[in-house]
Amino acid sequence: MAETILQFNEPLTGSDGKTYIARVCGRPAPEGGWEGWIEFVPGDGTPALCSRRETRQPNRDDLVYWATGLTPIYLEGSLERTLNPPRMPEPVVLPEPSYDGPAPEPFRTAPAPEPRAVLDPFSVYAKGEDLLRQELGALSAWHLRNIVRAYALSGASEAELERMSQAELTERIVLGVRTITEQVVRES
């Protein structure tokens, strides 16, 4: 049950021009402990104003102790908050964005195109390994690297691929195609 904990003698003047006597009230809080608020009784006999909860204390004695420490400045602030409670701002409705993402970076290079092979080493190998070696021998190292990349014929890093000679790339392609082809034949 609520009770008056302390009443102040000095009247306060609110922004509405009325004078008030402040009193601290409290009660056991529903979730435990004690909660306190301030009631402002106008001198003109109109109904008292009630603040929001001003404090929460572990017990009644601590609420009494809190009330005895209140200053006239605190009471004036509480009266103003009670007379002019803060209002929730109007919700802002934001428009949909015009784009699905940010603009491209001005100096970023375009992504590298997917490697394209000038020949299918598997179809040539089906006609014979010697023919595959002959066809690969006519290609530049750049073309051979693209064949390795396009058909995933090596676990080598990009740096390793760049260091390989034409002969090494040719052997890597032939070995990769032979291994994959034999594996497919065994599994069938």
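The dialogue below goes through some features of a predicted model.

Biologist: Which kind of model is this, predicted or experimental?

Modeller: The model is predicted.

Biologist: Let me start with the cysteines. How many disulfides are counted?

Modeller: The idea is to look at the distance between cysteine sulfur atoms, with a cut-off of 2.5 Å. Here the count comes to 0 disulfides. Cys25 is in no disulfide, and its nearest cysteine sulfur, that of Cys50, is 7.4 Å away.

Biologist: Is Cys25 buried or exposed, and what is the relative accessible area of Cys50?

Modeller: For burial, compare the relative accessible area with two cut-offs: under 20% is buried and over 50% is exposed. Cys25 has a relative accessible area of 4%, so Cys25 is buried. Cys50 has 48%, so Cys50 is partly exposed.

Biologist: Next, the strands. Where is Pro42, and which residues is Pro42 in contact with?

Modeller: Pro42 is in strand E4, which covers residues 34–42. For contacts, neighbours within four places in sequence are set aside; what remains for Pro42 is Thr19, Tyr20, Pro47 and Ala48. Take Thr19 as a case: Pro42 and Thr19 are 23 residues apart in sequence, while their C-alpha atoms are 5.8 Å apart in space. Pro42 counts as buried, at 7% relative accessibility.

Biologist: Which strand holds Gln57, and what does the side chain of Gln57 make a polar contact with?

Modeller: Gln57 lies in strand E6, residues 55–57. A polar contact is read from the distance between N or O atoms, with a cut-off of 3.5 Å. The side chain of Gln57 makes such a contact with the side chain of Thr55, at 2.7 Å. Not counting residues up to four places away in sequence, Gln57 also touches Gly33, Trp34, Asp62, Leu63 and Trp66. At 18% relative accessibility, Gln57 counts as buried.

Biologist: How should I read a buried charged residue such as Arg145?

Modeller: Look at its place, then its partners. Arg145 lies in helix H5, residues 141–150, and has 10% relative accessibility, so Arg145 counts as buried. Its side chain reaches the backbone oxygen of Glu162 at 3.2 Å. Beyond four places in sequence, Arg145 touches Leu161, Glu162, Met164 and Leu169.

Biologist: What about phi? What is the value for Ala152?

Modeller: Most residues other than glycine have a negative phi. Phi of Ala152 is near 50°, a positive value in a residue other than glycine. Ala152 is found in the loop between H5 and helix H6 (158–163). Ala152 is exposed, with a relative accessible area of 60%.

Biologist: How do I read a pair of helices, say H4 and H7?

Modeller: Take the axes, then the handedness, then the residues that meet. The axes of helix H4 (residues 129–137) and H7 come within 10 Å and cross at roughly 150°. The crossing is right-handed. On the H4 side the residues are Glu129, Leu132, Arg133 and Leu136, and they meet Thr170, Glu171, Ile173, Val174, Val177 and Arg178 in H7. By class, this contact has 5 nonpolar, 1 polar and 4 charged residues.

Biologist: And the glycines? Which helices hold Gly176 and Gly77?

Modeller: Gly176 lies in helix H7, residues 166–187, and Gly77 is in helix H2, residues 72–83. Gly176 is buried, with a relative accessible area of 12%. Gly77 is partly exposed, at 23%.

Definitions and conventions. Residues are numbered from 1 along each chain as its sequence is written. This is a predicted model: local features need pLDDT of at least 70, side-chain atom pairs count only at pLDDT 80 or more; totals for chains, interfaces and linings use all residues. Side-chain values use heavy atoms; hydrogens and water are left out. Helices (H or I, at least four residues) and strands (E, at least two) are DSSP runs, numbered from the N terminus. Buried means under 20% relative accessible area, exposed over 50%, partly exposed in between (1.4 Å probe, protein chains only). A polar contact is a pair of N or O atoms within 3.5 Å; within protein, one must be able to donate a hydrogen and the other to accept it, and residues adjacent in sequence count only if both atoms are side-chain atoms. Contact means heavy atoms within 4.5 Å. Axes are lines fitted to C-alpha atoms, for helices over the stretch in contact, and angles run from 0 to 180 degrees between N-to-C directions. A crossing is left-handed if the near helix is turned anticlockwise from the far one by less than a right angle, and right-handed if clockwise. Ala, Val, Leu, Ile, Met, Phe, Trp, Tyr, Cys and Pro count as nonpolar, Asp, Glu, Lys and Arg as charged, and the others, Gly among them, as polar.
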